[in-house]
Amino acid sequence: MATVKKSKKKIIVAVCIVLVIAIAAGAIFGISRANSGEEVSLYTIATDDIYETVSLTGEVSAGTEKEYKVATVATVKEVFVKVGDKVKKGDVLATFNVESLDSQISSLRSSYNDAVNSYNNSAKEQKVAKAKADELASQINATERQIKKLNSSVNTTAKKKTTAKRTTTTKRATTAENIPTVRPSRATTTTTTTTTTTTTSSSTSSTRADFDSLTEALTQLNENLTRLTNDLDTLATMTEIITSTITELLASGTIDSDYIAKQVGNALSQAMRDGIIDSSKLLVESGVAVKMVESAVSAIDFSSITSTLVNSKNVSLTAAELQLAAQQAQYAIYSAQADDSIVKAQKQAVDTSKKALDALEQQKKDMEEGWIASFDGTITEVGIEAGVQITALTTGLKLENLDSMAVKVSLSEYDLHKVKVGMPAEITTAYGNYEGEVAAIAPTATGGSSSNILDSVGSMAGISGLSSLTDSGAGVECTITIPETDANIVAGFDANVQIETGEYLGVTVVPNESIKLEKTGSYVYVYNEEDGTVTKTQIETGAVSDTSYEVKSGLKVGDKIVSAPASDYEEDTFKVKVVKK
């Protein structure tokens, strides 16, 4: 037992000695490294040529292809082709029974005609409303001038009566006290004037409040009339009869709401009997319409909102005030109906109906002729059969020209501005390389935008089209044609595409591995021979190839930089020990 314990102690001692030696060696190495500087190799900036490319992955497809689908519900009459059949331009591929489309076209034509009629009526009513609004604006100006003139006359009369009363009072006081007649003092005159002004101001304020309340009540009443008819002429006639009846009764001093409502109802009924109001243009039965108007009028508390107006001793002024309230209420209604929004909405409905009708009529015409081959090619897909009803969601036929091939790729927003139609491209498949050319670029992007971050990072790293490798990145479809093909180019297989987007000759360059890419930009470590240090320096880059970047600013030819900076530098400036690669 004693021998075993001694052996264990020797092992522990040996391990401790090894650890001490390792720690000491590490410390010595660290001190030596700190004294001598970080070991780096350098690269001298020079000029070179950059051939910029965009690298993408896409799917091989026929150079020319067309999918045949219906835009509505239809029944297949006969199918003349099957998958693999070769057809010539002009061959009939399938025919359809189009009788079922007649009812759909008839329905759409009816909707279109209704939309046109509604638009024409709205345009006509808008024109009438504008004319009525302009007419009422002129009437309002005339009434306001009349009221101003009447107010001036009333104030003059009141002033004369006040002066006469004050003079009579002064004479009576003088006679009673047997005091000689004297002119009233300035203080007396001022006090009297102030009192008169205050009374007049209070009266004017009350009249203004009554006027505003009456205008609001009549405006609300006119708005309620729009629920009874959508014919502007009928609405205008009813509005004029109702407001004129109310104002005449109020001007005569009648303020009983129920009585006024009854008289309004009688006036409307008489106008309908005389043919002044066309009851066929009402949305409800004429008797019901009259009762609805009477109910709305009786709900207005005329005795409260017109107390100052109807108690005025100047009948002409009261009548003018009431007339102005009625005119402004009618003006508010016609101004709203003269707005362009209703006509614009009706015009949009007309355009939409017309497009739908034209599309269905064209579809019927096309289907009557049958599906016709647009070019020589091969049928690669058939999803219909005779006697079966199909819809827009049904797979129809697909015709492809397999004699010419193409590759379809997705361009990210970072690559789109670089690629142009006509640029040369190299297509690589599992069986070889082929020359190609950019033939078409779609006008809009498709797909989501969640992978755009991939393109952003890839652009910084000199890698293009990362989002095209995912299912979710938004992209613009780009078609690259392959003029010369062989049996190894098969539709449906993947292919790598490299598009040559730019040629930059004799530019200042920096190797890709010499750049540190950060959120704030691109950086290199520039060497200072005098003190043996390197300093982190931001640069502006331009074109990029697989191996290098163009340097636009921050470096010049002859500068020396760290060829492959480490990722764990703790300082922006530090001493280095230059070693050869």
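Are helices α5 and α6 roughly parallel or roughly antiparallel to each other? In this predicted model, helix α5 spans residues 257-273 and helix α6 spans residues 286-298. The two pack at an angle of about 155 degrees, with 8 Å between their axes. Angles over 145 degrees count as roughly antiparallel, and α5 and α6 are therefore roughly antiparallel to each other. Their crossing is right-handed. On the α5 side, the residues making the contact include I260, A261, V264 and L268, while V290, V293 and V297 are among those from α6. Sorted by class, this contact has eight nonpolar, six polar and three charged residues.

With a relative accessible area of 13%, T245 is buried, because buried means under 20%. The T245 side chain reaches the backbone oxygen of I241 at 2.7 Å. Residues up to four places away in sequence aside, T245 touches Q263, V264 and A267.

The tour ends at D91, which sits in the loop between β5 (86-87) and β6 (92-97). D91 has a relative accessibility of 32% and counts as partly exposed. Its side chain reaches the backbone nitrogen of K88 at 2.8 Å. Setting aside neighbours within four places in sequence, D91 is in contact with W371, I372 and A373.

Note on methods. Residues numbered from 1 in each chain as written. Predicted model: local features only at pLDDT ≥ 70, side-chain atom pairs only at ≥ 80, totals over all residues. Heavy atoms only, no water. Buried < 20%, exposed > 50% of the residue type's maximum accessible area, 1.4 Å probe, protein only. Polar contact = N/O pair within 3.5 Å; in protein donor to acceptor, adjacent residues only side chain to side chain. Contact = heavy atoms within 4.5 Å. Helix = DSSP H or I, 4+ residues; strand = E, 2+ residues; numbered from the N terminus. Axes fitted to C-alpha atoms, helices over the stretch in contact; angles between N-to-C directions. Parallel < 35°, antiparallel > 145°, perpendicular 65-115°, else oblique. Left-handed = near helix turned anticlockwise from the far one by under 90°. Nonpolar A, V, L, I, M, F, W, Y, C, P; charged D, E, K, R; others polar.
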